[in-house]
Amino acid sequence: MSIRIGVTGGMGSGKTYVCQLLEKRGIPVFYTDTEAKRLIVDDSGVRQRLKDIVGNSLYNREGKLDKKVMASFLVRGKQWADKVNAVVHPAVRKAMYEWFVVQESHPIVVVECALLFESGLNKDMDKIVSVVAPLQVRLDRIVRRDGCTEEHARQIISLQQSDDYRMKCSDFVVENDGKSDILHQLDSLNLPLIRQI
């Protein structure tokens, strides 16, 4: 059975970048956000439950997700995001376990998940790595990447656990502030991760 490493971090922390570096080292990575986006579009059960919660305008006539409708629903507050997450998270967890079976020949697998603790997926991991960055760095990255306003980025970040919480609940922390050497940090994690399990 593979060692399961959860990599988490708030929006804009650079957790996907860190996971891409791990992939270059031959470690398979399951991207929960990518899987959630696929399920929201392709899984008819997930689609219907989301339409029941958000409304029929969530999908256009061609069946494509209207991201603005979803974003407007999510930023209404935690209780609204929780309703969506109650549909999406179990479906992602099921897909993740199917992926684990396919990857069982690998000694280490990584699961990238912004909402690792919120979704409960942390309980399925052997070790947890948090990727952190200063708030302004995160905001700048989100605005540049998504083309949204800083206010919108702040609203999304407010729905997630704080870096302090994630760091307290993690086994390792990677600082991705744009100045720290990420590769050096990953090198220092590699052996301890294997030794401590």
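**Group meeting: strands, rings and a pocket**

Let me open with strand E3. Both of its faces are covered: Ile 108, Val 110 and Glu 112 on one side, Val 109 and Val 111 on the other, are all buried. Buried means under 20% relative accessible area, exposed means over 50%, and partly exposed lies in between, with a 1.4 Å probe and protein chains only. Strands (E, at least two residues) and helices (H or I, at least four) are DSSP runs, numbered from the N terminus.

A word on the source. This is a predicted model: local features need pLDDT of at least 70, side-chain atom pairs count only at pLDDT 80 or more, and totals for chains, interfaces and linings use all residues. Residues are numbered from 1 along each chain as its sequence is written, and side-chain values use heavy atoms, with hydrogens and water left out.

Back to the strands. E3 spans residues 108-112, and five of its five residues are buried. Now E1, residues 3-8: six of its six residues are buried. Ile 3, Ile 5 and Val 7 cover one side, and Arg 4, Gly 6 and Thr 8 the other.

How do they pair? Two strands pair if DSSP finds at least two bridges between them. E1 and E3 run parallel, joined by five bridges. Val 7 stands opposite Glu 112 there. E1 also runs parallel to E4, residues 127-132, with four bridges. In that pairing Thr 8 faces Ser 130. E2 joins E3 through three bridges, again parallel. Val 29 has Val 110 as its bridge partner in E3.

Next, the rings. There are five aromatic pairs in the structure. Rings of Phe, Tyr and Trp (its six-membered ring) pair if their centres lie within 6.5 Å; planes under 30 degrees apart are stacked, over 60 edge-to-face, the rest tilted. Take Phe 30 and Trp 99: the centres are 5.4 Å apart and the planes at 50°, so this pair is tilted. Phe 30 sits in E2 (residues 29-31) and Trp 99 in helix H5, so the pair ties together parts 69 residues apart in sequence. Phe 30 is buried at 6% relative accessibility. Trp 99 is buried too, at 15%.

Phe 117 and Tyr 165 are edge-to-face, 5.6 Å centre to centre with 85° between the planes. Phe 117 belongs to helix H6 and Tyr 165 to helix H9 (residues 163-168), so this pair links parts 48 residues apart in sequence. Phe 117 is buried at 12% relative accessible area, while Tyr 165 is partly exposed at 30%.

Which residues cluster with Phe 30? Tyr 97, Trp 99 and Phe 100 form one aromatic cluster with Phe 30.

Now charges over rings. The test: NZ of Lys or CZ of Arg within 6 Å of the ring centre and within 35 degrees of the ring normal. Arg 47 lies over the face of Tyr 59, at 4.1 Å from the ring centre.

Last, the lining of the largest pocket. Its residues divide into 22 nonpolar, 14 polar and eleven charged. Here Ala, Val, Leu, Ile, Met, Phe, Trp, Tyr, Cys and Pro count as nonpolar, Asp, Glu, Lys and Arg as charged, and the others, Gly among them, as polar. Which helix gives the most to the lining? H5 does, with eight residues. Helices supplying at least two lining residues include H1 (15-24), H2 (32-42) and H8 (150-158).
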